[in-house]
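Visitor: Hi, I have a structure open and could use a hand reading it. Can we go through it together?

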Amino acid sequence: LAQGGFVAGMVDKAAAAEAKAKGNAAFKAKQYQDAIGHFTEAIKHDPSDHVFFSNRSACYSSLEKYSEALEDANQCVKLKPDWPKGYTRKGLAEHFLGKHDDAETTYKRGLELAPGDTALADGLKQVQDAKSPSSGGPDMTALLGAIQRNPKIAEYMKDQTFMANFQMLLQAQTNPQMMPMVSQLLQQDPRMMEVFLAMQGISPEEAQTMGQKREPSPPKTKPKEEPKPSPPK
């Protein structure tokens, strides 16, 4: 049996290729949800083809659905462990899920297969920059100071959803392309704004006195380009 309970004799490569072509066209048109549907159809016809999982992973990443993107990337690598692009998909998803150690390992594994691959090399650098304590983002000293100024922050940090969003806030300090996403989070969750201000020494009372909300300012260093999903094959 192949994945999904399909018997090898039931594989329809012609139908899979047709669905894949439709998926590639939808991806090119930035119709990512439609593309996911087409690649899912391709997988139903031939669940042994690693490219279909790779392409669907790219669609999920484009929609910022990184958990789903990682799941497909893992399956891609499982089906074709010697294909470098699978590690690009996997590393990207891990990066945005805050799994920096895993992403670093993934990119290094991909570079072992393709030492000159630009996407893998750039992805590795972005992950290493995100892990670096000198990357220019808020550090633990600032966070501890914020907790002392506002004890409620310690309670916020027990919320896994909050911490996942908070991790994105930290990453955005060195990855300006994430700022639109962070701005939305700050608007949706007042706790995020409260913590950000506290890390800069501003209490909720002072923020009200200022009469306006502050958002993270772009880093003073030259913006770094965030890795993006490459087009489907």
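Guide: Let's start with a term. A crossing is left-handed if the near helix is turned anticlockwise from the far one by less than a right angle, and right-handed if clockwise. Keep in mind that this is a predicted model.

Visitor: Okay. In which hand does α1 pass α3?

Guide: The crossing of α1 past α3 is left-handed.

Visitor: And which residues make the contact?

Guide: From α1 come Ala16, Lys20, Asn24 and Phe27. From α3 come Val51, Phe52, Asn55, Ala58, Cys59 and Ser62. Sorted by class, that contact has six nonpolar residues, three polar and one charged.

Visitor: At what angle do the two helices pack?

Guide: About 25°, and the axes lie 11 Å apart. Here α1 covers residues 13-28 and α3 covers residues 50-62. Angles under 35 degrees count as roughly parallel, so α1 and α3 are roughly parallel to each other.

Visitor: New topic: Glu94. Where does that residue lie?

Guide: In helix α5, residues 84-96.

Visitor: Is Glu94 buried or exposed?

Guide: Buried. The cut-off is under 20% relative accessible area, and Glu94 has 4% relative accessibility, so it counts as buried.

Visitor: What does its side chain join up with?

Guide: The side chain of Lys90, through a polar contact of 2.7 Å. Leaving out residues up to four places away in sequence, Glu94 touches Leu70, Lys99, Asp102, Ala103 and Thr106.

Visitor: Now the whole chain. How many helices and strands?

Guide: The protein chain has 13 helices and zero strands. Of its 233 residues, 43% count as buried.

Conventions:
Residues are numbered from 1 along each chain as its sequence is written. This is a predicted model: local features need pLDDT of at least 70, side-chain atom pairs count only at pLDDT 80 or more; totals for chains, interfaces and linings use all residues. Side-chain values use heavy atoms; hydrogens and water are left out. Axes are lines fitted to C-alpha atoms, for helices over the stretch in contact, and angles run from 0 to 180 degrees between N-to-C directions. Helices (H or I, at least four residues) and strands (E, at least two) are DSSP runs, numbered from the N terminus. Angles under 35 degrees count as roughly parallel, over 145 as roughly antiparallel, 65 to 115 as roughly perpendicular and the rest as oblique. Contact means heavy atoms within 4.5 Å. Ala, Val, Leu, Ile, Met, Phe, Trp, Tyr, Cys and Pro count as nonpolar, Asp, Glu, Lys and Arg as charged, and the others, Gly among them, as polar. Buried means under 20% relative accessible area, exposed over 50%, partly exposed in between (1.4 Å probe, protein chains only). A polar contact is a pair of N or O atoms within 3.5 Å; within protein, one must be able to donate a hydrogen and the other to accept it, and residues adjacent in sequence count only if both atoms are side-chain atoms.
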